[in-house]
Amino acid sequence: MRIFYDTEAFRWSKYSGIPRYFSELICEFQTDSNIKIVLPQVYCRNADYQRLMEPLSTRFSWKLRNKIIDTSQSVFGVNPARILSQSEKQNLSYLINDDKYDIFHPTHFSSYYSGKLDRLHKPVVVTAYDLTREKYPEYFSLSINICNDTKYFFQNADRIICISEYTKHDVLS
C-alpha cells in the first residue's frame with residue numbers, strides 16, 4: 001500500500017505540532033514493509049520534514065539550502081521559497097492526479113484542494129485536530145473560508161482520524 005502525503009503542514013514553521021504528528025506517523029509507517037510513503041521533495045525549513053527527507057537529500061545539505069535561500073533573499077529582496085512554492089504546487093497537482101499511490105492523506109485542510117478531492121478516485125483520509133475555529137468563528141479572522149474548507153474535507157473523506165474523543169464528538173455533531 002502506498003500512502004501519499006502532501007507537504008502543506010510542513011510549510012508553516014520550523015517547529016510545530018501538526019507536522020510533528022505527521023512526521024511520527026510517517027516514521028512509524030516506514031517500519032512496515034507493506035507500506036510505502038509518497039512524500040514530495042520540496043524546500044521548507046520545517047525540522048521534522050528535513051529529518052524525514054534526509055536520506056533522500058544527498059546532493060545538498062539542508063544547512064546549505066537554508067544558506068542559499070537566506071543569501072538570495074538578502075541580495076534580491078525576494079524570498080525564493082515563495083517562488084519555489086508555486087512550482088511545487090504545480091508538481092503537487094501533477095502528483096495528486098498521478099496513479100502511483102493508493103491512499104491520499106492531506107496534511108492540511110487547504111483551499112487548494114477544493115473541487116479536487118471528489119475527482120481523485122482514491123481513498124482520502126483526513127486528520128481532525130480540533131474544531132475550535134469552526135465552533136467559534138467570531139473569534140478568528142477568515143473563519144468562513146476555514147469552515148468551508150473543513151466541511152469540504154469532511155464531506156469528501158473516506159475516513160476521518162480524530163485525535164481525541166472530544167474532537168470526534170465535534171466532528172459527529
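## Basis of the model

The model is predicted, so its local features require a pLDDT of at least 70 and side-chain atom pairs count only at pLDDT 80 or more, while totals for chains, interfaces and linings use all residues. Residues are numbered from 1 along each chain as its sequence is written, and side-chain values use heavy atoms, with hydrogens and water left out.

The predictor's confidence in each residue is given as pLDDT, on a scale from 0 to 100. The chain has a mean pLDDT of 80, and 77% of its residues reach 70 or more. Confidence is lowest in helix α4 (residues 80–97), with a mean of 64, and highest in strand β5 (residues 159–162), at 96.

## Overall fold

Helices (H or I, at least four residues) and strands (E, at least two) are taken as DSSP runs and numbered from the N terminus. The chain contains seven helices and five strands. Along the sequence, these elements follow the pattern β-α-β-α-α-α-β-β-α-α-β-α.

Exposure is described by relative accessible area: under 20% is buried, over 50% is exposed, and values in between are partly exposed (1.4 Å probe, protein chains only). Of the 173 residues of the chain, 41% count as buried.

Two strands pair if DSSP finds at least two bridges between them. Three strands form an open sheet in the order β2-β1-β3, with parallel pairing. Its edge strands are β2 (36–38) and β3, each of which pairs on one side only.

Between β1 and β2 there are three bridges, and the two strands pair in the parallel sense. I3 has I37 in β2 as its bridge partner.

## Aromatic contacts

Rings of Phe, Tyr and Trp (its six-membered ring) pair if their centres lie within 6.5 Å; planes under 30 degrees apart are stacked, those over 60 are edge-to-face, and the rest are tilted. The structure holds 11 aromatic pairs. In one of them, the ring centres of F4 and F104 are 5.3 Å apart and the planes meet at 25°, so the pair is stacked. This pair links distant parts of the chain, with F4 in strand β1 (residues 2–4) and F104 in strand β3 (residues 103–104), 100 residues apart. F4 and F104 are both buried.

Y21 and Y129 form an edge-to-face pair, with 5.9 Å from centre to centre and 85° between the planes. Here too distant parts of the chain are linked: Y21 lies in helix α1 (residues 17–29) and Y129 in the loop between β4 (125–128) and α5 (132–135), 108 residues apart. Y21 is partly exposed, at 23% relative accessibility. Ring pairs also join Y5, Y21, F22 and Y129 into a cluster.

A charge sits over a ring if NZ of Lys or CZ of Arg is within 6 Å of the ring centre and within 35 degrees of the ring normal. The charged end of K122 sits over the ring of Y101, 5.2 Å from the centre of that ring.

## The two sides of helix α7

In helix α7 (residues 165–172), the buried residues are T167, D170 and V171. Seen down the axis of α7, its buried residues fall within an arc of 100°, so they line one face of the helix. The arc is that of the directions from the helix axis to the C-beta atoms. On the other side of α7, the residues E165, Y166, H169 and L172 are exposed.

## Selected residues

A disulfide is a pair of cysteine sulfur atoms within 2.5 Å, and by this rule the count is zero. C27 is partly exposed, with a relative accessible area of 24%, and C162 is partly exposed as well, at 26%.

R20 is placed in helix α1 and is partly exposed, with a relative accessible area of 39%. The C-alpha atoms of R20 and D48 are separated by 6.1 Å, although these residues are 28 apart along the chain. S33 is located in the loop between α1 and β2 and counts as exposed at 60% relative accessibility. From C-alpha to C-alpha, S33 and M1 are 9.4 Å apart in space, and they are 32 residues apart in sequence.

H121 belongs to the loop between β3 and β4 and is exposed, with a relative accessible area of 77%. H121 has a positive phi of about 65° although it is not a glycine. Most residues other than glycine have a negative phi.
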